[in-house]
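Hi,

Here is the structure I said I would pass on.

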Amino acid sequence: MSSGSPQTLTTADQIKEYQRYIELFAGVLLGVMGFQLFTVPLGFYNGGAVGVAQIIRTLAISHLGLAPGVDLAGPLNLLFNIPLMLLAFRSIGKRFLVRTLFCIGVQTVTISFIQVKEPFITDPLTACLIGGILAGMGTGVVLRAGGSTAGFDILGVWLAQKLPLGVGIITSLMNACIYVVCALLFDIQTAIYSLIFAFVCALVTDKFHTQGVNCGVMIVTQSPNMHRRIMESVSRGVTLWEGKGGHTGEGKLVYYTVVNKFEEVVLRKVIEQEDPGAFVVVSEDLRVYGTFIRRLE
């Protein structure tokens, strides 16, 4: 009886993982359709690495006369994400890394080949609203499935470990630079509508499933340095108190912190590196009040 249980659990885990990748594929496809079908035909731009790729694509076509059969933003986005993933691969778990690479691959293909010359909706505000809703839902599905489309999210997490700034502030500053560039290179209307699209996308992502989903993490360990590692990796405050094992009577250190879903993936990797035998309890979807910084990457 006992010998058959592991095999059953393993099979169940494999099925869940296959379902997870189906969700990732659907989420990325939905997100790409949100901007490729509605905002890109009107000449508007995303935030993040995709937005940078779209701007370079436009400049390459207008100044170099390139007329490829695919949207150059796809392969350009892939090129941008390769060094970002190499930069951050030590800070994220193996499964999360594989899922993110899968998402980037799907995103590259779908951006490259989903092209619409004539917009479905010609009214720019309506297009930004509908496109932002679809893109936000797609991003929410990807996050719920435990993946990411990388880009500025990954860069923001990495920079937050080097700078005295939160992930949300860093990514917001980088995105602001994109819209300033849009205003300078094109016109203020393009920048404003692109910003509206990004705002709606972030808002829907926040409601659907977001880094704004907070997790309480309690860690029972004998490591005296765990709080420093937590603060260095995710820039979150930590509460520490001394405890005692009820069975062994051994002294323990108990750490408690609150992070968002994206940071929880990073935190798990840090805990595993610091103390593989640590006892960890994660509570999701918490309501947090006080000085907790809410980050929407």
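Below is what turned up, going from the cores to one helix and then to the aromatic rings.

Keep in mind that this is a predicted model.

The largest nonpolar core has 26 residues. Leu24, Val28, Val32, Phe35 and Ile111 have the most contacts inside it. Helices H1 (5–36), H2, H3 (73–88), H4 (94–113), H5 (124–144) and H8 (188–208) each give two or more residues to this core, and the largest share, 5 residues, comes from H1. There is also another core apart from that one, with 13 residues, including Cys215, Val217, Ile219 and Val234.

Leaving out residues up to four places away in sequence, Ile111 touches Val32, Phe35, Gln36, Val50, Asp71, Ala73 and Gly74.

Of those, Val50 takes us to H2, where it is one of the buried residues, along with Gly48, Ala49, Gly51, Ala53, Gln54, Ile55, Arg57 and Ala60. After H2 comes Gly65, with a positive phi near 70 degrees.

On the aromatic side, a search of the whole structure gives 4 pairs. One of them is Tyr21 with Phe102, edge-to-face at 5.0 Å centre to centre and 85 degrees between the planes. Tyr21 sits in H1 and Phe102 in H4, so this pair ties together parts 81 residues apart in sequence. Phe102 counts as partly exposed, because its relative accessibility is 29%.

Cheers

Methods: Residues are numbered from 1 along each chain as its sequence is written. This is a predicted model: local features need pLDDT of at least 70, side-chain atom pairs count only at pLDDT 80 or more; totals for chains, interfaces and linings use all residues. Side-chain values use heavy atoms; hydrogens and water are left out. Buried means under 20% relative accessible area, exposed over 50%, partly exposed in between (1.4 Å probe, protein chains only). Helices (H or I, at least four residues) and strands (E, at least two) are DSSP runs, numbered from the N terminus. A nonpolar core is a set of buried Ala, Val, Leu, Ile, Met, Phe, Trp, Tyr and Cys residues joined through side-chain atoms within 4.5 Å. Contact means heavy atoms within 4.5 Å. Rings of Phe, Tyr and Trp (its six-membered ring) pair if their centres lie within 6.5 Å; planes under 30 degrees apart count as stacked, over 60 as edge-to-face and the rest as tilted.
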